[in-house]
Amino acid sequence: MFQPLQGLTVVSLAPNVPGPLAAASLRDAGARVVKVEGPAGDPLAQMSPEWYAELHRGVEIRAIDLKTDAGRAELDTLLAGADLLLTSSRPGALARLGLSPERLTRDFPRLCRVTIVGDTRDPEAAGHDLTYQAEAGLIDPAQPAMPRTLVADLTGSREAYAAALGLLLGRERGHAERERVVGLGDAARFAAAPHRVGLTAPGGLLSGAYDNYRLYATADGWVAAAPLEPHFAARWSEALGEDAATALRTRPTAHWEALAAERDLPLAALDGAGEG
């Protein structure tokens with residue numbers, strides 16, 4: 001497997017979800033990743049030990065107290081040999097640790113930096129994935145429910161990974177840019193674009209209002225069906241007739257999954273994995 005970042009070193013100070021996800025992507029691309037954790041460790045290790053272990057496979061963990069002079073000196077030694085620094089703290093907090101952009105640029109001119117913040121519109125404001133999804137309109141106020149996934153964190157992690165690749169490639173080609181800032185609120189707004197333009201908003205084409213892209217009840221559960229394109233739509237109509245909703249209720253989900261596989265139709269059962 002091609003690993004374009006072989007020979008490069010990433011130092012991560014980023015806990016929780018977006019940072020470890022981005023660092024894992026950099027690791028998978030061949031980089032050596034050194035993760036610095038404070039005395040309390042990473043909260044993700046308590047919230048989801050299994051996921052923490054998965055994301056930190058092959059990552060070198062260093063326990064360093066950056067609030068001490070000795071800890072800052074140890075970090076400086078790491079940064080002197082690193083190619084990329086990944087952080088997810090607010091700018092003020094980084095400055096108090098001696099990690100302001102000005103100081104890093106002065107002391108480590110070759111070091112690329114990906115800075116994950118809550119929202120680029122106000123990097124010092126507190127927030128988390130849940131609040132960013134709410135602000136982006138990804139939680140329905142008419143029927144409020146907790147999100148099934150961490151949209152801002154996951155999307156933000158991929159943007160951080162892309163930013164890292166862009167910086168490292170740019171440095172290789174002689175560009176002067178050394179820092180990119182990724183906002184989780186920005187990532188949530190990016191993910192909310194289909195809703196913003198009406199595509200997935202109530203009544204929109206992909207909101208369940210269109211028969212060829214919606215959820216259907218079966219005799220024993222639910223399926224998601226998406227025969228959007230004309231060739232899929234023709235097969236769908238041939239298999240289920242004019243009233244797909246009634247037809248689907250007559251047989252169990254497994255029957256419709258088998259039929260979809262046979263007829264090459266985009267259909268999937270609703271998966272309850274992860275539910276309590």
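Analyst: What follows goes through the sheet, the helices on it, a loop residue beside it, the pocket, and then a second sheet. The model is a predicted one.

The sheet is open and has 6 strands in the order β3-β2-β1-β4-β5-β6, with parallel pairing. At its edges stand β3 (60–63) and β6, each of which pairs on one side only.

Helix α8 packs on it and touches β4, β5 and β6. The direction of α8 makes about 160 degrees with that of β5. Helix α9 lies across β5 and β6 and runs at about 60 degrees to β6.

Which residues of α9 (residues 184–191) are buried? They are Leu 184, Gly 185, Ala 187 and Ala 188. Looking down the axis of α9, the buried residues fall within an arc of 155 degrees, so they line one face of the helix. As a rule, an α-helix has 3.6 residues a turn, so residues three or four places apart point the same way. The cover over the buried residues of α9 includes β5 (112–117) and β6 (179–183) from the sheet, along with α1 (18–28), α7 (129–135) and α8 (151–172).

Next comes a loop residue. Asp 83 sits in the loop between α4 (69–80) and β4 (84–87). Why does Asp 83 count as buried? Its relative accessibility is 9%, and the cut-off for buried is under 20%. Setting aside neighbours within four places in sequence, Asp 83 is in contact with Gly 7, Leu 8 and Thr 9, with Arg 110, Leu 111 and Cys 112, and with Leu 168 and Arg 171.

The largest pocket has a volume of about 1100 Å³. Its lining is made up of 46 residues, and the closest to its centre are Pro 15, Asn 16, Ser 88, Ser 89 and His 128. At least two lining residues each come from β2 (32–37), α2 (43–47), α5 (91–96), β5 and α7.

Asn 16 deserves a separate look. This residue lies in the loop between β1 (9–12) and α1. With a relative accessible area of 24%, Asn 16 is partly exposed.

For contrast, there is a second sheet. It is open, with 3 strands in the order β7-β8-β9, and the pairing is antiparallel. β7 (214–217) and β9 (267–269) stand at the edges with a single partner strand each, so one side of each has no neighbour in the sheet. Its twist averages 30 degrees from one strand to the next. β8 (residues 222–225) pairs with β9 over 3 bridges in the antiparallel sense, and the bridge partner of Ala 225 in β9 is Leu 267. Helix α14 (residues 253–263) packs on this sheet, touching β8 and β9, and its direction makes about 150 degrees with that of β9. In the loop between α14 and β9 lies Asp 264, whose phi is near 60 degrees, again a positive value in a residue other than glycine. Asp 264 is partly exposed, at a relative accessible area of 48%.

Note on methods: Residues are numbered from 1 along each chain as its sequence is written. This is a predicted model: local features need pLDDT of at least 70, side-chain atom pairs count only at pLDDT 80 or more; totals for chains, interfaces and linings use all residues. Side-chain values use heavy atoms; hydrogens and water are left out. Buried means under 20% relative accessible area, exposed over 50%, partly exposed in between (1.4 Å probe, protein chains only). Helices (H or I, at least four residues) and strands (E, at least two) are DSSP runs, numbered from the N terminus. The arc is that of the directions from the helix axis to the C-beta atoms. Contact means heavy atoms within 4.5 Å. Two strands pair if DSSP finds at least two bridges between them. Axes are lines fitted to C-alpha atoms, for helices over the stretch in contact, and angles run from 0 to 180 degrees between N-to-C directions. On a 1 Å grid over the protein atoms alone, a cavity is a set of points where a 1.4 Å probe fits but cannot get out, and a pocket is an open set with protein on both sides within 12 Å along at least five of seven lines; lining residues have an atom within 4 Å of a point. Grid points are joined across faces, edges and corners, and a volume is the space filled by probe spheres set on the points.
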